[in-house]
Amino acid sequence: MQKQTRIVVYGSSLNMAGIAASLNARGGLEVVCVEPHSPNSRQALHELHPAAIAFDLNEPFPNLEAALLREQPSLLLVGVDPNSNELLVLSGHPHRALSMADLVEAIRKDGRGDGETRGR
């Protein structure tokens with residue numbers, strides 16, 4: 001039996017319902033929907049240990065804390081903007097930063113360091 005990748009769809013907007021349905025139609029994914037306004041939503045996110053949490057960038061930014069990324073460094077937070085067909089991907093993958101050169105290298109590596117100003 002194939003191991004399934006657990007994805008949390010965080011939100012109940014029409015966009016997120018469509019994303020959940022599309023993800024469910026793919027093989028190898030276990031899709032769990034979590035309502036952000038539920039009193040147990042934070043606890044559910046911690047207990048589910050998903051590979052990724054998808055949320056709608058058009059909704060008020062979800063209360064997804066940095067502690068969750070530190071506890072689960074392989075977790076991806078994926079903000080979806082259906083209006084612009086863009087994703088915002090946040091990762092908790094830690095980098096060792098012993099010096100300013102380490103900080104600059106992490107920015108160049110993860111930010112591609114191309115110096116391009118976006119959004120002009």
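This is a predicted model: local features need pLDDT of at least 70, side-chain atom pairs count only at pLDDT 80 or more; totals for chains, interfaces and linings use all residues.
Mentor: A residue counts as buried under 20% relative accessible area, as exposed over 50% and as partly exposed in between, computed with a 1.4 Å probe on protein chains only. Residues are numbered from 1 along each chain as its sequence is written, and side-chain values use heavy atoms, with hydrogens and water left out.

Trainee: Why is histidine 49 called exposed?

Mentor: Its relative accessible area is 54%, and the limit for exposed is over 50%, so histidine 49 is exposed. Histidine 49 lies in the loop between α2 (41-48) and β3, where helices (H or I, at least four residues) and strands (E, at least two) are DSSP runs numbered from the N terminus. Although it is not a glycine, histidine 49 has a positive phi of about 45°.

Trainee: How do you know that the side chain of asparagine 58 makes a polar contact with that of aspartate 81?

Mentor: The pair is 3.4 Å apart, whereas a polar contact is a pair of N or O atoms within 3.5 Å; within protein, one must be able to donate a hydrogen and the other to accept it, and residues adjacent in sequence count only if both atoms are side-chain atoms. Leaving out residues up to four places away in sequence, asparagine 58 also touches others, including Asn15 and Val80, a contact being heavy atoms within 4.5 Å.

Trainee: How do you know that β3 and β4 pair, and in which sense?

Mentor: DSSP must find at least two bridges between two strands, and strand β3 (residues 52-56) and β4 have five, in the parallel sense. Alanine 52 has leucine 76 in β4 as its bridge partner. β4 also pairs with strand β5 (residues 86-91), in the antiparallel sense over six bridges.

Trainee: What makes strand β4 (residues 76-81) mostly covered?

Mentor: Five of its six residues are buried. By contrast, asparagine 85, in the loop between β4 and β5, counts as exposed because its relative accessibility is 73%.

Trainee: Where does pLDDT stay under 50?

Mentor: That stretch is residues 113-120, for which the model has three contacts beyond four places in sequence.

Conventions:
pLDDT is the predictor's confidence in each residue, from 0 to 100.
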